Amino acid sequence: MNKVGKPVVVRHDGFFVVRDDYIDGGTKYRGAQALIDSMPDVDEFVYGGGSAYGFAQIALAKACKDNGKKFTMFLAKRKVLHPCTARAVHFGCNLIEVKMGMLSVTQSRARKHVEATDRSAIVPM
């Protein structure tokens, strides 16, 4: 179990700003960490995502790596990996690219993967 530290809070022009941008995956890393902590019997977290643009993939990949878990993600096949997806792969994401990968298709592939794999779970993000 790996815990991210307390948030860094800075004051900027009279506002308090939480600087979770210092964490790979941002604030979503904290949520991914809580998800992993809540499911100790799961060895592989599976995400059937529709967007290559978000930080959830980075947060999940990093949190899984930090906790010795596997992270598999189903995404639409692209000519060039989006930088967020490349960062998730850097952290150990098992990326499965899906031709004609509309959201319903990637989610279906993720569900089928979980049904066929022991100790795995769909990520509800």
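The structure described here is a predicted model. The buried positions of α2 are A56, Q57, I58, A59, L60, A61, K62, A63 and C64, and the elements against which these buried residues pack are α1, β3, β4 and α3. Just after α2, a positive phi of about 70° is found at G68.

Two helical neighbours of α2 were examined in turn. Helix α1, which spans residues 27-38, approaches helix α2, residues 56-66, such that their axes come within 8 Å and cross at roughly 45°. The two helices, α1 and α2, are therefore oblique to each other, and their crossing is right-handed. On the α1 side the contact is formed by K28, Y29, A32, Q33, L35 and I36, while α2 contributes A56, A59, L60, K62, A63, C64 and D66. Classified by residue type, the contact of α1 with α2 comprises 9 nonpolar, 1 polar and 3 charged residues.

When residues up to four places away in sequence are not counted, R87 touches D24 and I58. By contrast, R87 and D43, which are 44 residues apart along the chain, have C-alpha atoms separated by 21 Å.

The strands β3 and β4, against which buried residues of α2 pack, belong to an open sheet of 4 strands in the order β5-β4-β3-β6, in which the pairing is parallel. The edge strands of this sheet are β5 (94-98) and β6 (120-122), each of which pairs on one side only. On average, and with direction ignored, neighbouring strands of the sheet are turned by 20° against each other. Between strand β3, residues 44-48, and β6, which run parallel, there are 3 bridges, and E44 stands opposite S120 of β6. Helix α4, formed by residues 103-116, lies across β3, β4 (70-76), β5 and β6, and runs at about 160° to β3.

A further pairing involves strand β1, residues 9-12, and strand β2, residues 15-18, which run antiparallel and are joined by 4 bridges. Within this pairing, V9 has V18 of β2 as its bridge partner. The strands β1 and β2 form a hairpin with 2 residues between them, and in the turn D13 adopts a positive phi of about 50°.

Terms used
Residues are numbered from 1 along each chain as its sequence is written. This is a predicted model: local features need pLDDT of at least 70, side-chain atom pairs count only at pLDDT 80 or more; totals for chains, interfaces and linings use all residues. Side-chain values use heavy atoms; hydrogens and water are left out. Axes are lines fitted to C-alpha atoms, for helices over the stretch in contact, and angles run from 0 to 180 degrees between N-to-C directions. Angles under 35 degrees count as roughly parallel, over 145 as roughly antiparallel, 65 to 115 as roughly perpendicular and the rest as oblique. A crossing is left-handed if the near helix is turned anticlockwise from the far one by less than a right angle, and right-handed if clockwise. Contact means heavy atoms within 4.5 Å. Ala, Val, Leu, Ile, Met, Phe, Trp, Tyr, Cys and Pro count as nonpolar, Asp, Glu, Lys and Arg as charged, and the others, Gly among them, as polar. Two strands pair if DSSP finds at least two bridges between them. Buried means under 20% relative accessible area, exposed over 50%, partly exposed in between (1.4 Å probe, protein chains only).
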